[in-house]
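Hi everyone, thanks for coming.

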Amino acid sequence: MDSLLLLGSVSKPCWRLSFSASAKLSTATRGYHVPIRFANSSAWSTQERRYFGQLQGHLINHHITIDAEKSSFYRRADKKGLVNATSEPPFASEPESYNPNNFWRSMQSATDAFYRFSRPHTVIGTALSILSVSLLAIERLSDLSPLFFTGLLEAIVAALFMNIYIVGLNQLFDVEIDKVNKPYLPLASGEYSIGTGILIVAAFAVMSFWLGWFVGSGPLLWALSISFILGTAYSINLPLLRWKRFALVAAMCILVVRAVIVQLAFFLHIQTFVYRRPAILTRPLIFATAFMSFFSVVIALFKDIPDIEGDAIFGIRSFTVRLGQKRVFWICVYLLEMAYGVAVLVGAASPSPWSKLVTVLGHVVLASILWLNAKSVDLTNKTAITSFYMFIWKLFYAEYLLIPLVR
């Protein structure tokens, strides 16, 4: 039946209520609002209002609600005297207003997750190291030209893209380990899915190689390619790979990239590609390569000290797992002190008075700060060890500020 007609029993005014048959008079329609049209042939009287009240009570008993507050009755003064009653649908709610604070919170959350994913201490170290060794190619003040800064920017951006690929790939294959050692990382915490991690890693690898190819610098492409190969072999879990499982091989991977590739390749990028000069090995470059070889070994050893728990569970035979935290900690400290001692001797032999003063004094200060901080570390506290590891990176940054002053 397409419609229901309820006729009032009054003789003079004829009331008609019409509504769709789909809104059946059952408990299913309880609370629903039905569009209604009332029509009569004359203006409402007191008697008609009484009949309307009775009709409304009848409808309520049949589980139909007439919302008097939302109904609009428009009484016409014409002879037809038509009165319309309409109700708003119960599900019609006002659209949620735009809140810019929600957008900025989402942006901040996404930025923070990517910041942690990129391992910012390595990003800063990469950028500073390339800047430092590039300055070693400067021979005169006029070399600080737009050409130099363009070549420097190209090298830094391409290297940072590769850096994010390497640290991201390591997180992809270390999710379970990081749930123990570094639960704040996005993949370990669940903020990033594996698919998201793969997408980010692949994108940054492609962008790095594309930029290197676009620039056309041979030394830059070699640096990116060797970093890609060693970074992949270090982390990826395939037969004969995942070199991080083997302490000596893992340390060699980090040493080759941080100490050799960064110093030589990026120096040659500026020297031969940007300035078009012949390739030479200068005294400051040899010092930087030798000193950073010590420092890279220290970073390779020290990074595993806070991670001993997860590495032991998942079979990563690092030096810390094999020798213990305390022994590896002091090996790292002594290696750095030895490196600072050699740096003082190199500075003292410099023919430049200002270079001699800065390098000798600078390395003495850094060596003293290292020793004082090392003596106060609680080796039973993981937070204290992690904090000291980040302090080692700060010494790493400071060294790259001194290297351009070695002459």
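**A chain of charges**

Let's start with Arg 140 and Asp 143, whose side chains meet in a salt bridge at 3.6 Å, N to O. By salt bridge I mean a side-chain nitrogen of Lys or Arg within 4 Å of a carboxyl oxygen of Asp or Glu. Before I go on, a word on the source: this is a predicted model, where local features need pLDDT of at least 70 and side-chain atom pairs count only at pLDDT 80 or more, while totals for chains, interfaces and linings use all residues. Residues are numbered from 1 along each chain as its sequence is written, and side-chain values use heavy atoms, with hydrogens and water left out.

Okay, back to Arg 140. Glu 139 also forms a salt bridge with Arg 140, and there the closest N and O atoms are 3.7 Å apart. Arg 140 is partly exposed, at 45% relative accessible area, whereas Asp 143 is buried at 5%. The cut-offs here: buried is under 20% relative accessible area, exposed is over 50%, and partly exposed is in between, with a 1.4 Å probe and protein chains only.

Which other residue does Asp 143 meet in a salt bridge? That's Arg 277, at 2.8 Å, N to O. Asp 143 sits in the loop between helix H3 (120-135) and helix H4 (146-172), and Arg 277 in the loop between helix H9 (247-274) and helix H10 (283-302), so the pair ties together parts that are 134 residues apart in sequence. When I say helix, I mean a DSSP run of H or I with at least four residues, and strands are E runs of at least two, both numbered from the N terminus. Arg 277 is buried too, with 17% relative accessible area. Through shared partners, Glu 139, Arg 140, Asp 143 and Arg 277 join into one network. Over the whole structure, the search finds 11 salt bridges.

Now look at helix H14, residues 353-375, which is where you'll find Leu 357. Is Leu 357 buried or exposed? Leu 357 is exposed, at 56%. Together with Leu 361, Val 365 and Ile 369, Leu 357 makes a nonpolar surface patch of about 350 Å².

Thr 359 lies in helix H14 as well, but Thr 359 counts as buried, at 2% relative accessibility. The side chain of Thr 359 reaches the backbone oxygen of Ser 355 at 2.6 Å and the backbone oxygen of Lys 356 at 3.4 Å.

**What the record says**

The unreviewed UniProt entry annotates several stretches as "transmembrane region", among them 280-302 and 384-403. Bear in mind that such annotations may be inferred rather than shown by experiment. In the model, residues 280-302 are 87% helix and 0% strand, with the end C-alpha atoms 33 Å apart. For residues 384-403, the span is 95% helix and 0% strand, and the end C-alpha atoms lie 29 Å apart.

**Cysteines, to finish**

How many disulfides are there? The count comes to zero, taking a disulfide as a pair of cysteine sulfur atoms within 2.5 Å. As for individual cysteines, Cys 253 is buried at 8%, and Cys 332 is buried at 1%.

That's my tour, so over to you.

Note on methods. Patches are made of residues with over 30% relative accessible area and no salt bridge: like charges are joined within 9 Å, nonpolar side chains (Val, Leu, Ile, Met, Phe, Trp, Tyr) within 5 Å. Accessible areas come from the Shrake-Rupley method with a 1.4 Å probe; for residues, only the protein chains shown count as cover. A polar contact is a pair of N or O atoms within 3.5 Å; within protein, one must be able to donate a hydrogen and the other to accept it, and residues adjacent in sequence count only if both atoms are side-chain atoms.
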